[in-house]
Amino acid sequence: MTTLYWYSGCSTCKRARKHLAERGVEPTVVELKTDPPSAATLADLHARSGLPLKKFFNTAGQSYRNGGFKDRIGAMSDDEQYAALAADGMLVKRPILDLGSSVLVGFKAAAWDEALG
């Protein structure tokens, strides 16, 4: 099953969803703002992505800036970071594409095409 974690107000997310549709992929869609993934789901996505946990944070967003995460993130445990992400979906980097066997964070058409086969 393919899942797309996105924010419907994000132009990059809209491009990513269109990109998937053009390739015949109709993912299950999860709205990050209203239905952020749980800490356990985020831990699983992180483990399967192979990326540093910081890559899951929307470092350009208001929630990140207003929460002072730039200065705090280095001292936070993974569990604290997962909890923060789960508590505020706008902290989460988007879009996230969960293909089951792999997880992609952020939209790069070439990388997505390679992962989709």
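Guide: One definition to begin with: axes are lines fitted to C-alpha atoms, for helices over the stretch in contact, and angles run from 0 to 180 degrees between N-to-C directions. Helices are DSSP runs (H or I, at least four residues), numbered from the N terminus. This is a predicted model, where local features need pLDDT of at least 70, side-chain atom pairs count only at pLDDT 80 or more, and totals for chains, interfaces and linings use all residues. Residues are numbered from 1 along each chain as its sequence is written, and side-chain values use heavy atoms, with hydrogens and water left out.

Visitor: At what angle do α2 and α5 pack?
Guide: About 115°, with the axes of α2 (residues 39-49) and α5 (residues 78-87) 8 Å apart. The crossing of α2 and α5 is right-handed, that is, the near helix is turned clockwise from the far one by less than a right angle.

Visitor: Which residues make the contact?
Guide: From α2 they are A39, L42, A43 and H46, and from α5 they are Y82, A83, L85 and A86. Contact means heavy atoms within 4.5 Å. Seven of these residues are nonpolar, one is polar and none is charged. Ala, Val, Leu, Ile, Met, Phe, Trp, Tyr, Cys and Pro count as nonpolar, Asp, Glu, Lys and Arg as charged, and the others, Gly among them, as polar.

Visitor: And what about α1 and α6?
Guide: Helix α1 (residues 11-22) packs on α6 (residues 109-116) at about 35°, with axes 11 Å apart. Here A16, H19 and L20 of α1 meet A109, W112, D113 and L116 of α6. That contact has five nonpolar residues, one polar and one charged.

Visitor: New topic. How many aromatic pairs are there?
Guide: Four. Rings of Phe, Tyr and Trp (its six-membered ring) pair if their centres lie within 6.5 Å; planes under 30 degrees apart count as stacked, over 60 as edge-to-face and the rest as tilted. One of the pairs is F57 with Y64, edge-to-face at 6.1 Å centre to centre and 65° between the planes.

Visitor: Are F57 and Y64 buried or exposed?
Guide: Both are buried, meaning under 20% relative accessible area with a 1.4 Å probe, protein chains only. F57 and Y64 form one aromatic cluster with F69.

Visitor: Why is the pair of F107 and W112 edge-to-face?
Guide: Because the planes of F107 and W112 are at 85°, with the ring centres 4.9 Å apart. F107 and W112 are both buried.

Methods
Helix = DSSP H or I, 4+ residues; strand = E, 2+ residues; numbered from the N terminus. Buried < 20%, exposed > 50% of the residue type's maximum accessible area, 1.4 Å probe, protein only.
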